[in-house]
Amino acid sequence: METLCRRFGPFSPSLVPLFTSLLTLSLFPLLSANLKTRTQSTICAKGNSICIPQDYSRFDLPNETQTVVNVGIDIKDIPKIADKDFSITLNAFFVVRWKDERLVIDQDKIENNLGPDDDPNAWIPVDVSFIKEFWLPDAEILNLKEFKTLDVLSKLEGLWLNRNFEVMYAV
């Protein structure tokens, strides 16, 4: 408090609660306006054919009873095997896949986006920034020494969805 008084002149400690409540009141309209636009907006991709509903929470499990998560490693190269410390270095993609039926998928719009020769159950690539809004499984790899993601111009990762509400994310 003494530092405030020296910096800004005479300051009465009795004004602190008043100052705090004025600051809180002046910030409340900004915070509540931001909250309103966030909860009232729906996030969509692929020409509004795949949307995250307004009441979606990325902190809730996709299925209340059981969420099955498939985990895979797509190995591209094995550049190093170390006998001394019993380690192996892999160039690979770590892939997780699960079903999230809370998504809103417009089957007609997806049909229009697919070509005539495309498989109706094909994986549809989606902008990776969409993943920030999804529930993500918390995967743990036992005895993992290090995990690095490859950056060339940007982080190499991918996100795909299909019309069966399945999500596939590769890092």
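User: Is Glu101 buried or exposed in this model?
Analyst: The model is a predicted one. A residue counts as exposed when its relative accessible area is over 50%. For Glu101 the relative accessible area is 55%, so this residue is exposed.

User: With which residue does Glu101 form a salt bridge?
Analyst: A salt bridge requires a side-chain nitrogen of Lys or Arg within 4 Å of a carboxyl oxygen of Asp or Glu. The closest N and O atoms of the pair are 3.9 Å apart.

User: Which residue forms a salt bridge with Lys145, and how many residues apart in sequence are the parts that the pair ties together?
Analyst: Lys145 forms a salt bridge with Asp85, with the closest N and O atoms 2.7 Å apart. Lys145 lies in the loop between strand S6 (124–126) and strand S7 (158–161), while Asp85 lies in the loop between strand S3 (69–82) and strand S4 (87–99). The pair therefore ties together parts whose separation in sequence is 60 residues.

User: How far apart are the closest N and O atoms of Asp74 and Lys76?
Analyst: Asp74 counts as partly exposed at 37% relative accessibility, whereas Lys76 is exposed, with a relative accessible area of 53%. The two residues form a salt bridge, and their closest N and O atoms are separated by 3.1 Å.

User: How many salt bridges are found in the whole structure?
Analyst: The pair Asp74 and Lys76 is one of the salt bridges. A search of the whole structure gives a total of four.

Conventions. Residues are numbered from 1 along each chain as its sequence is written. This is a predicted model: local features need pLDDT of at least 70, side-chain atom pairs count only at pLDDT 80 or more; totals for chains, interfaces and linings use all residues. Side-chain values use heavy atoms; hydrogens and water are left out. Buried means under 20% relative accessible area, exposed over 50%, partly exposed in between (1.4 Å probe, protein chains only). Helices (H or I, at least four residues) and strands (E, at least two) are DSSP runs, numbered from the N terminus.
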